[in-house]
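Subject: Structure handover

Hello,

Please find the structure below. My notes on it follow.

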Amino acid sequence: MENSNWFEEASRRIKDVLLLLGEKQAKKYKIDMLLRMVHHMDRFSKNGCKECENLKENLNDLILLLENQNEMDPKQYKATFKLVVKHFVKKHGLVEEGTYLSLGMAYGLIFGAALSSFYYMAIPLGMLFGLVIGLWMDDKMKKQGRVV
Ligand SMILES: [Zn+2]
């Protein structure tokens, strides 16, 4: 397949698959995330990332799995997703959607609990604060195009 056409080809196939799947199925298989992955991968491989170039094959396989639904193996599907996300996070500094939200909530709870003997509202306030910061950070990452 021509290198420069991979992105268009892959996204066209995903959009066709989207028409086949119901909304529920599309959510289950994270089709919107798959589209973003194709987009990122195209960008990174054009910038010379060999691993992304190789991972394109894995995404092609995923799309093929979606196209032949009766042969779908959810385990294989998830494994490929994980593999690609891991590479994006490690090599390209991307974050998974909601990463900062869960981090913020966790830290909010920890700090809140630490301060709860001084102030009885510390836990809910800490979590609220964590929620706000987390959402803000996630939004910032999204705007920078750094969400997987
Ligand atoms: Zn890469």
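Two points on conventions. This is a predicted model, in which local features need pLDDT of at least 70, side-chain atom pairs count only at pLDDT 80 or more, and totals for chains, interfaces and linings use all residues. Residues are numbered from 1 along each chain as its sequence is written.

The protein chain has 7 helices and 0 strands. The pattern along the sequence is α-α-α-α-α-α-α. Helices (H or I, at least four residues) and strands (E, at least two) are DSSP runs, numbered from the N terminus. The radius of gyration of the protein chain is 19 Å, well over the 15 Å that the globule rule gives for 148 residues, so the chain is more spread out than a compact globule. That radius is taken over C-alpha atoms, and the rule is 2.2 Å times the number of residues to the power 0.38. Along the principal axes, the C-alpha atoms fill a box of roughly 65 × 35 × 25 Å.

**H1 against H4**

Helix H1 (residues 6–20) and helix H4 (residues 50–67) have axes that come within 10 Å and cross at roughly 25 degrees. That makes H1 roughly parallel to H4. The crossing is left-handed. From H1, the contact uses Trp6, Ala10, Arg13, Ile14 and Val17; from H4, Lys56, Leu59, Ile63, Leu66 and Glu67. By class: 7 nonpolar, no polar and 3 charged.

Cut-offs used here:
- Axes are lines fitted to C-alpha atoms, for helices over the stretch in contact; angles run from 0 to 180 degrees between N-to-C directions.
- Under 35 degrees is roughly parallel, over 145 roughly antiparallel, 65 to 115 roughly perpendicular, the rest oblique.
- Left-handed means the near helix is turned anticlockwise from the far one by less than a right angle; right-handed means clockwise.
- Contact means C-beta atoms, placed from the backbone, within 7 Å.
- Ala, Val, Leu, Ile, Met, Phe, Trp, Tyr, Cys and Pro are nonpolar; Asp, Glu, Lys and Arg charged; the others, Gly among them, polar.

**H3 against H4**

The axes of helix H3 (residues 31–46) and H4 come within 9 Å and cross at roughly 155 degrees. H3 and H4 are therefore roughly antiparallel. Their crossing is left-handed. Contact residues include Leu34 and Phe44 of H3, and Cys52 and Leu62 of H4. The contact has 9 nonpolar, 1 polar and 2 charged residues.

Best wishes

Definitions and conventions
Two residues are in contact if their C-beta atoms, placed from the backbone, lie within 7 Å.
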